[in-house]
Amino acid sequence: MPTLVNYSGDDEFYSGGSLCSADLGLMLSLGHAQVYCPLRKKARISGPFVVEERTKNPSIEILPDECLFEIFRRLQGGRERSAAACVSKRWLMLSSNVRNSEIQSHTDISVANNGDSSDGKMVSADEDVEVECDGYLTRCLEGKKATDIRLAAIAVGTSSRGGLGKLSVRGSNSVRGITNVGLSAVAHGCPSLRVLSLWNVPYVGDEGLVEIARGCHSLEKLDLSQCPSISNKGLVAIAENCPSLTSLTIESCRNIGNEGLQAIGRCCTKLQSLTIKDCPLVGDQGVASLLSSGATMLKKVKLNSLNITDFSLAVIGHYGKVITDLNLGSLRNVSQKGFWVMGNARGLQSLASLSITLCRGVTDVSLEAVGKGCSNLKHMCLRKCCFVSDGGLVAFARAATGSLESLLLEECNRITQAGILNAVSNFGKLKSLSLVKCMGVKDLPLQASLLSPCESLRSLSIRSCPGFGSTSLAMVGTLCPQLHHLDLSGLTGITDAGLLPLLEMSSKAGLVKVNLTGCLNLTDEVVLSLARLHSETLEVLNLDGCRKVTDASLVAIADNCPLLNDLDVSKCSITDSGVAALSHGVQVNLQILSISGCSMVTNKSVPALKKLGESLVGLNLQHCNAISSSRVEILVEDLWRCDILS
């Protein structure tokens, strides 16, 4: 009761707090009450009795950030923390600064209040029970959505929902872009983060990456692209605090150099994948120290547009004993000697895939050395290697004859038809051959009888090689009798006379996928031969742009190709009759049909298309101007399971 009357035990006078006033009279008038009234002294200051009225409700906002932080870290459920974060941006940012390790549990609070852990067990009635943060969730922010506020909300919202495992940020808001603040919020609230991708985030610097390193020790994959504010300091922090890192990609980061890579080589012993592209400060010292580290487990290496020399390639050839996938591009300071040493070092015994693009050091001599030094090479890709000629290709084929399964040559303009055919005849296990934009290939007659056929070749792709004509195609058919996949897109020079022998030679194996896009001079004879010789195996046929193909081809396909599931006759000379014949065909599994640009297909084909739509999942009607929009809408309504482009 002394407390009730605002009396602390002494004889001091408290104005406005005594019950010997109007309040006491009111209490006494209501009944009998036992009230202790101490002796009172006269007030030293006489004046009117004034009761202060509160003009404003007290607000929690007057509390400093330190107090709010202590309150937020004592909120027990994820639902409570999320609700608090929704109050204002200030509360959201404060909540995001609370690390998971700083959240005080029920037991801790009870022990602090009761002083005995045995009596401090409490059971929360909240349905939002805490779950272990194992990093099950994935979030991606792009463009305008990439802001610090959104990152903070993600950090708070996912902390009790299984934990954020993957975060990808692509681009940044031009006005309120992501900064170190947002990345720090992720570091505080998402200790289970395993994958982080930052693309084109100019305002994120070392401070944010250091916070990630301190808070996310489980980080396994880091992708940094176009991050100009991140330097060696941030990468060193990642190396020292994230020992589980297995994949690192650095692209167009102008302030990251050798020091950061050296730290990665020292500390990240589980690193398996490394990609470095367009980083001007990265040189031989960083690449060589990382690759020569005995603790690294690098299996996939991609180096593109770097200022490295022959020394780095020598290190790769000597220490890359576990590398299985190697991609080298735009290495202008690497000479023939570098590639020659890389091959002759005989360290790349595990290499299965090698891709080289725009490297002047790749010559006939160095290519042969690579073929001899990489005894288990299965996939080879050469792009824009202008110093490789027929002699180098044939020598490489002889060196890698026992292992190579796939070869791609793109814009290697010194290689001719003779070199390609001789190389094919020397490959013992080659399964796939692709030629793209090789301008040195000319349609010249050769004696194919002197060459051994490649019985293992299953896939042949010759795209956009204008010099490749019917004569060359006929010889290819003699050398490749077991083809399953054939891609001749963009070969405007081939005719029926060149393709028909190839179709005859491969009839025993049976073609499965055929792409004849842009072969302007092919006619119905080719399609009729396909339907007759390969009817039991043909599944995909692309005739886009074959203007001489008419309804006769669709009739033959409808009568003979039961397994066909993908047909493209865009820009062909087909009419309503051909579509009607196709709708009554034997192909019950047709799923994709494209008649884009077929101006002679009209509204009369709508019933046939509707019947075909029973099995279709994709239908392309773009630029079919003779089909009205109202009929297309009817098709869209009826064929609701089919994706229709119009």
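pLDDT is the predictor's confidence in each residue, on a scale from 0 to 100. That's handy here, since what you're looking at is a predicted model. For the protein chain, pLDDT averages 84, and 83% of the residues get to 70 or more.

- Residues 40-47 keep a pLDDT under 50, and the model gives them five contacts beyond four places in sequence.
- Residues 109-113 also have a pLDDT below 50, and this stretch makes eight contacts in the model beyond near neighbours in sequence.

- As background, most residues other than glycine have a negative phi.
- Gln-226 isn't a glycine, yet its phi is positive, at about 55°.
- You'll find Gln-226 in the loop that links strand 4 (221-225) to helix 9 (232-241).
- Is Gln-226 buried, exposed or partly exposed? Its relative accessibility is 42%, so Gln-226 counts as partly exposed.
- Ser-305 isn't a glycine either, and its phi is positive at about 55°.
- Look for Ser-305 in the loop between strand 7 (300-304) and helix 12 (310-319).
- Ser-305 has a relative accessibility of 29%, so this residue counts as partly exposed too.

**Rings and charges**
- How many aromatic pairs are there? With ring centres required to lie within 6.5 Å, the count comes to zero.
- Trp-640 does have a charge over its ring: the charged end of Arg-641 sits there, 5.8 Å from the ring's centre.

Conventions
Residues numbered from 1 in each chain as written. Predicted model: local features only at pLDDT ≥ 70, side-chain atom pairs only at ≥ 80, totals over all residues. Heavy atoms only, no water. Helix = DSSP H or I, 4+ residues; strand = E, 2+ residues; numbered from the N terminus. Buried < 20%, exposed > 50% of the residue type's maximum accessible area, 1.4 Å probe, protein only. Contact = heavy atoms within 4.5 Å. Phe/Tyr/Trp six-rings, centres within 6.5 Å; stacked < 30°, edge-to-face > 60°. Lys NZ or Arg CZ within 6 Å of the ring centre and 35° of its normal.
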